[in-house]
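Please examine the sequence and the structure shown below before reading on. The report is written for a reader who is new to describing protein models.

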Amino acid sequence: MKKIVFILLLSVASVFAFEELNMDNFESKIKGKNVIIDFYAVWCPPCKVLNNKLEEYDIVKPDNVTIYKINIDDQPLITKKFGITRLPSLVYFQDGKAVKTKIGIQSVDELESNANSIFN
């Protein structure tokens, strides 16, 4: 029984591994930072695959890179502002400004390479 509870806790924790942004905290969270925002939807299977890759990348990423998530169904204004029409989409921000958008599933190596080329 203890094993089942532990596994359930781990699976729930992975769903909430990255902080969700909204209209109230968006600007303050990305200001002055290197940020990757994952635009996703809960009904999107490729988004779940990308989330797993982001969790793997989170282990090896530099400390100066922060990953956030935005649920497109909950935050349509932010989604529209950045022209997100396909999922999954990652938007890379540097000092509060969007500098690059990548669409689709990316491997951990691709995530690392993109972040290195954008943030260095």
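The report treats the sheet, the helices, the cores, a loop residue and the disulfide in turn.

This is a predicted model, in which local features need pLDDT of at least 70 and side-chain atom pairs count only at pLDDT 80 or more, while totals for chains, interfaces and linings use all residues. Residues are numbered from 1 along each chain as its sequence is written, and side-chain values use heavy atoms, with hydrogens and water left out.

**The sheet**

Helices (H or I, at least four residues) and strands (E, at least two) are DSSP runs, numbered from the N terminus. Two strands pair if DSSP finds at least two bridges between them. Five strands make up an open sheet of mixed pairing, in the order 1-3-2-4-5. Strand 1 (19–20) and strand 5 (97–103) stand at the edges; each has a single partner strand, so one side of each is left without a neighbour in the sheet. In general, strands of a sheet pair through backbone hydrogen bonds, either parallel or antiparallel.

| Strands paired | Bridges | Direction | Residue pair |
|---|---|---|---|
| Strand 1 and strand 3 (65–71) | Two | Parallel | Glu19 and Tyr68 |

Buried means under 20% relative accessible area, exposed over 50%, and partly exposed in between (1.4 Å probe, protein chains only). Six of the seven residues of strand 3 are buried, so this strand is largely enclosed by the rest of the structure.

Axes are lines fitted to C-alpha atoms, for helices over the stretch in contact, and angles run from 0 to 180 degrees between N-to-C directions. Helix 3 (residues 45–60) lies across strand 2 (34–40), strand 3 and strand 4 (89–94), and runs at about 160° to strand 3. Helix 5 (residues 108–119) also packs on the sheet, where it touches strand 2, strand 3, strand 4 and strand 5; its direction makes about 30° with that of strand 4. Contact here means heavy atoms within 4.5 Å.

**The nonpolar cores**

A nonpolar core is a set of buried Ala, Val, Leu, Ile, Met, Phe, Trp, Tyr and Cys residues joined through side-chain atoms within 4.5 Å. The largest such core has 17 residues, and Phe39, Ile70 and Phe93 are among those with the most contacts inside it. Helix 2 (26–30), strand 2, strand 3 and strand 4 each supply at least two residues of this core. Strand 2 gives the most, with four residues. A second, separate core of 14 residues includes Tyr57, Tyr92, Ala115 and Ile118.

**A buried loop residue**

Where does Gln106 lie? Gln106 is found in the loop between strand 5 and helix 5. Gln106 counts as buried because its relative accessibility is 5%. The side chains of Gln106 and Asn114 are joined by a polar contact of 2.6 Å, a term for a pair of N or O atoms within 3.5 Å; within protein, one must be able to donate a hydrogen and the other to accept it, and residues adjacent in sequence count only if both atoms are side-chain atoms.

**The disulfide**

A disulfide is a pair of cysteine sulfur atoms within 2.5 Å, and a search of the whole structure finds one. Cys44 and Cys47 form this link, with their sulfur atoms 2.4 Å apart. Cys44 is buried at 4% relative accessibility, and Cys47 is buried at 3%.
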